[in-house]
Amino acid sequence: MTPATQRSISDEIARIHAEAEPGETRTWLDFAPYRSSVLRHPTKLPLAADPEDVELSAPVFGQSDVDPTEADLTLHPQGEPIGERMVVTGRVLDADGRPVRHQLVEIWQANAAGRYVHKRDQHPAPLDPHFHGAGRCLTDDEGRYRFTTIKPGPYPWRNHHNAWRPAHIHFSLFGHEFTQRLVTQMYFPGDPLFPFDPIYQSITDEKARERLIATYDHDLTTHEWATGYRWDIVLTGAHATPMEDEHV
């Protein structure tokens, strides 16, 4: 990132912070340093839809619809993936700290080299034939989810010169229908790319940004097998996890 680009991002961050009300957290939709946000956000008013029609085509998730093995992204019939094996777990909670039970949680991520299994990802990093990068599970009676996966690598993106995304995992949470979907990202502690990432920096409140960072847990870490991270997701309230849907 050039000094001029960094100044531009810093100036834009200062502007949106100044516009936010005291104690308000915003995740900005039209955020100039994150170039594709300007191109991808809706520009017209939403269309009204009959909720009953939506429900007819919406999913109804149950225990039989999600196999327990889908939560282990390291399983592959031909071999094991390359990279740091880790367990990511946490609870999905409401504003009062109550568990959100039996909800579908999906994740997708890059591999250890920072490459997605996607035809549009063509940057020169190797694909791992033993890692597909997607998984899902249902929260239990305590609102808990758990995944076994590989720590993703950072990767370049074409937002600006020398642009790199911090290592992260995408999370999608469903209620009982498609209209209840929420999407967010989980990051890892101490990432040096945080100050340079416009997506992470588009959240106005520093404490809200910190709620996107998982905590390393040595008790969760397994001897000679996997490191452990904990990350709770709060859906509503003053301590809610910032979601990509909360754009303004």
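The side chain of Arg115 comes within reach of the backbone oxygen of Ala125, at a distance of 2.5 Å. This distance, like every other value in this briefing, is taken from a predicted model. The protein chain in question holds five helices and eleven strands, and 45% of its 248 residues count as buried.

**The chain as a whole**
- Where contacts in the protein chain join residues at least 6 apart in sequence, 69% of these contacts link residues that are at least 24 apart.
- The protein chain exposes about 14000 Å², and carbon and sulfur atoms account for 55% of that area.

**Arg115, in a loop**
- Arg115 belongs to the loop that runs between β2 (104-108) and β3 (134-138), and it counts as buried because its relative accessibility is 12%, where the cut-off for buried is under 20%.
- Besides the backbone oxygen of Ala125, the side chain of Arg115 also reaches the backbone oxygen of Asp121, in this case at 2.9 Å.
- When neighbours within four places in sequence are set aside, the residues in contact with Arg115 are Ala110, Asp121, Gln122, His123, Ala125, Pro126 and Leu127.

**Arg85, in a strand**
- Arg85 is part of strand β1, which covers residues 85-93, and with a relative accessible area of 16% this residue is likewise buried.
- The side chain of Arg85 reaches the backbone oxygen of Trp225 at 2.9 Å, and Trp225 is also among the residues that Arg85 touches, together with Thr74, Glu80, Thr148, Thr149, Ile150, Ala226 and Thr227, once residues up to four places away in sequence are left out.
- Although 143 residues separate Arg85 from Gly228 in sequence, their C-alpha atoms are 8.9 Å apart in space.

**The largest nonpolar core**
- In soluble globular proteins, nonpolar side chains tend to be buried together.
- The largest nonpolar core here has 36 residues, and the members with the most contacts inside it are Tyr145, Phe147 and Phe171.
- At least two residues of this core come from each of β1, β2, β4 (144-150), β7 (168-173), β8 (182-187) and α4 (198-201).

**An open sheet of four strands**
- Four strands, in the order β3-β2-β7-β8, make up an open sheet in which the pairing is antiparallel.
- The edges of this sheet are formed by β3 and β8, each of which has a single partner strand, so one side of each is left without a neighbour in the sheet.
- If direction is ignored, neighbouring strands of this sheet are turned against each other by 25° on average.
- Within the sheet, β2 and β7 pair in the antiparallel sense over four bridges, and Val105 stands opposite Leu173 of β7.

**Two residues with a positive phi**
- Most residues other than glycine have a negative phi.
- His102 has a phi near 55°, which is a positive value in a residue other than glycine; this residue lies in the loop between β1 and β2 and is partly exposed, with a relative accessible area of 36%.
- Asn162 also has a positive phi, near 55°; Asn162 sits in the loop between β5 (155-156) and β6 (164-165), and it counts as partly exposed because its relative accessibility is 48%.

Terms used:
Residues are numbered from 1 along each chain as its sequence is written. This is a predicted model: local features need pLDDT of at least 70, side-chain atom pairs count only at pLDDT 80 or more; totals for chains, interfaces and linings use all residues. Side-chain values use heavy atoms; hydrogens and water are left out. Buried means under 20% relative accessible area, exposed over 50%, partly exposed in between (1.4 Å probe, protein chains only). A polar contact is a pair of N or O atoms within 3.5 Å; within protein, one must be able to donate a hydrogen and the other to accept it, and residues adjacent in sequence count only if both atoms are side-chain atoms. Contact means heavy atoms within 4.5 Å. Accessible areas come from the Shrake-Rupley method with a 1.4 Å probe; for residues, only the protein chains shown count as cover. A nonpolar core is a set of buried Ala, Val, Leu, Ile, Met, Phe, Trp, Tyr and Cys residues joined through side-chain atoms within 4.5 Å. Two strands pair if DSSP finds at least two bridges between them. Axes are lines fitted to C-alpha atoms, for helices over the stretch in contact, and angles run from 0 to 180 degrees between N-to-C directions.
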